[in-house]
Amino acid sequence: MNTRPFLGWFVSPAGLVAVALVAAMLAVFQYSVRAYIPGSLEVSEFTWQNFAAMLRPLYALAFWNTVLLCFETAVFTLILAYPLAYALVRTNSSALRSFILIVSVTPLFLGEVVRTYSWMIVLGNNGFLNTLLLKLGLLDRPVQMMFTAGGVVAALVHVTMPIMVIMLAAALSHIDRNYEKAAESLGAGPVRVFLTITLPLSMPGIVAGFSTAFAWTFSAFATPQLIGGGRVSTVSTLIYQLGFSSFNFPFAASLSIIGLALSLAVVALLKKAASPLERMAATT
Amino acid sequence: MLMRTNQMAANTSVAGSDKARPAVQLDGVTKRFGDSIALHEAWLKIGSSEFMTLLGPSGCGKTTLLNLVAGFLEADGGEIFIEGALVTETPPHMREIGIVFQNYALFPHMSVAKNVAYGLKTRGVDKKEMARRVDDALALVKLTGFSDRKPRQLSGGQQQRVALARALVIKPKVLLLDEPFSALDKNLRGSMQVELKQIQRELGVTTIFVTHDQGEALSMSDRIAVMSAGRIRQIAAPDDIYRRPADRFVASFVGDANVLNGRLVERSGDAAVVSIGDVRASVPAASIAEVSIGGSVDVFVRPEHLSVTSRGASGSLPGTVTTQVFQGGHVDLYIDAPGSARDHILLRSPGIAALSSCPVGAEIGLSIGSDDIVAFPPGEAP
Amino acid sequence: MKRSPGALLLRWSGRILVAAVLLFVLLPGIVVAISAFNDRAILVFPPQSWSLRWFWRAFSYPDFAKGFWNGLTVTVWASSIALVVGSAFAFAIHRYKFALRNLLEGILLSPLIIPHYTIGLGVLILASQTNVGRGLPLVIFAHVVMVLPFVMRSTYISLENLDIRLELAASSLGATPLRILFTVTIPLLIPGLLSGWLFAAILSFNEFTATLFVSSHATQTLPVAMYNYVREFADPTLAALSVIYIVVTATLLTIANSFLGLGKILNVDAH
């Protein structure tokens, strides 16, 4: 008797996809160690030159900027998303629940371009914020918000909010309310209950949300490109410039290899930091 | 009418306590969820050191009542007092209560010692005293040496002991127990019940215990409040509840009861005489005050108050054995007695003699022991 | 419950905080909606005069129409292929141990972490090395890779919640494995499969970064067409298109919420 019916049928297609994906990643690897022939998609001999070039300040700075940008985005997203997720899980009003859910989840399905474009209108020199602040008399002349790192972070926070809210809400909704009731019965007021019970128990969601926000931001291209307007250079905007303006695909490939390694390292680091917490939560 | 009896029951003096001020008092407390009434004007006084059980099926309002005392729910009407102080609007963390939840709710990210110390920390107890009191509490529940374990490393019984220690270490004014035994297996449950009762008596802590298990309620409580459909049906000592149930619901929910078709024969003072076929029995008159002489009544008889005699013996009802169930210490006989009862009659025969003397199909007589029989006006549902 | 001034303060500052965050989330959408009706070609705030002409331009601009149909084609194919491939594989890893199981699983889940530009670049280089043209199939392949983890996850969760005894019962009644699959397993998995497909489709339709690398002018999807537009023109056409986008998405989600319970799909319902 076949104890594993359909095994071959079910695994083979996925195997094919996996092989193709590995081949694509290997192609990137292979390009990253090849010399660049200007103006051509063809590549020439083996070289470490691409990786060596990355030590130049321009590129090293781009990496540092990207990590910083991702970190800032993840922190601000966490701070803003937590109250929303908490309200979503804990409100008694089903209308408010649905409203928060729809409002916070809709942007997830809008794509980066639409959301980035809306932020361009908000942040522009003649845009919404500047006009509002001028009308209110809080400013004398428009403040430059487009093409700044701050503008990019604001838009990226907006882009990563929904996934953070969902992950935090999932973690919060799995916390047994009796823990909080028990703490209250033992004399803890609302603030103490939150700090000693709710917050630590939602840690798996915080870590998952934080690392996802980090990875998404690392991968984001449209936002830094359009809002940064070339003045905020990140790994993704560099890769695109190298690939499509100078057709230096080998160098773009080596950049994306380092980008991949960096984001894997960060996610692994966060996972490691979180694992004791997750083991703990798994038993609740 | 029902409300008035509750009020009367609540206001009669508390057994075993002559203190004037009750530890917990509910004055007409009502709780609604939307249109449904979860608790309807509950009147209850619980004496200091008393073990009071709230007994009833799920959805009867017993957990609602517990949550109202704890402060997790807000009453829609009435007042709650703990040790004489009005607490109806006091938030839970100011009420000084200890709770053991059904799933224990031990904080999974804290060690056993930290769990027990939590309530002391919120009270700002200094380190030395905290350590001492945590040790004492763990010793009380026989868990000395488990301080550094995490809750997940403990068995169900041990988790329950920690939960108890955590609730008791703050010297609560009231200890609330929300079905604490339901997650334990049967053997452990029995020994934990004995231990909990010992600790409770030793410390003299006022306790409210919620359960749907009548066995637990009868064996542990000083008094029981039987609840159904958001109302307290009867408040009395366990033996009173069992022997003199106040209404049909209590009679059928607590213990097994056979409902026999009877007729009211006469009434004299507190007692009345009813007839079931040719058999006569004495019952309390109060519960059938509205029935006129000659009117039909439902007579509730416990299985152990029935016995087998020969068919046709005087003062017996005719019946036929339909099923025998061997229960170890006794034998359950299911008897068909058309005319005397709508359903099969359950008879509990001690020992194993009935296995051979009353085979299936045997035509027998049923006699009724004279004590502890109650009658209510006829009705379908309890 | 009687509230102390401190508790009241806490409660109200919480409410104000939530309202402020909601405003932050809603703000760009509101601003875009207002801009879309601006009559002038240059975006100024607030608009001086009103018009619907940008909506007409959004509908008539050929790249958008083409991008929409390309996007729809890619989305339907990619999410359907991912559904079949991903749920079959999720079934296999849920039920069986087999050679390379963990390796395959790791590879197929990796697009969750690999930056999309790396995926786009890899697929582009692979295509040029193997002389595969930059047609729609290439875009579809890249999308399958990227949405596969989501389909796998949603099928896997549904399988976890499936009572295996139902299959054992069917088996004891004489059903063959194939019959069990089609009469018991798949019908019970349908809600999970459907929500996995929907999620994949929405992500695919909106995917931008990798698509930018693998598509050509002929195969560009709507987000790519929009990106190219915003680099060339500053008029509010894109605002009009964004409004349509937001309205359609919010409507679909509201419907999904009332019929399916979004909270349940996203696993954020309280327990």
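**Exercise 1.** How many residues does the largest nonpolar core have, and which have the most contacts inside it?

*Solution.* The model is predicted, so local features need pLDDT of at least 70 and side-chain atom pairs count only at pLDDT 80 or more, while totals for chains, interfaces and linings use all residues. Residues are numbered from 1 along each chain as its sequence is written, and chains are lettered from A and ligands numbered from 1 in the order in which they are written.

Step 1: a nonpolar core is a set of buried Ala, Val, Leu, Ile, Met, Phe, Trp, Tyr and Cys residues joined through C-beta atoms within 7 Å; buried denotes 20 or more other C-beta atoms within 10 Å of the residue's own, with C-beta atoms placed from the backbone.

Step 2: the largest such core has 276 residues, and A85(A) and L168(A) have the most contacts inside it. Helix α7 (residues 149–173) of chain A gives the most to this core, with 18 residues; helices are DSSP runs of H or I, at least four residues, and strands runs of E, at least two, numbered from the N terminus.

**Exercise 2.** Describe the sheet of chain B that contains β15.

*Solution.* Step 1: 5 strands form an open, antiparallel sheet in the order β15-β19-β16-β17-β18, where pairing requires at least two DSSP bridges.

Step 2: the edge strands are β15 (306–309) and β18 (345–350) of chain B, each pairing on one side only.

Step 3: β15(B) pairs with β19 (residues 363–368) of chain B over 4 bridges, and S307(B) stands opposite S367(B) in β19(B).

Key
A residue is buried if 20 or more other C-beta atoms lie within 10 Å of its own, exposed if 12 or fewer, and partly exposed in between; C-beta atoms are placed from the backbone.
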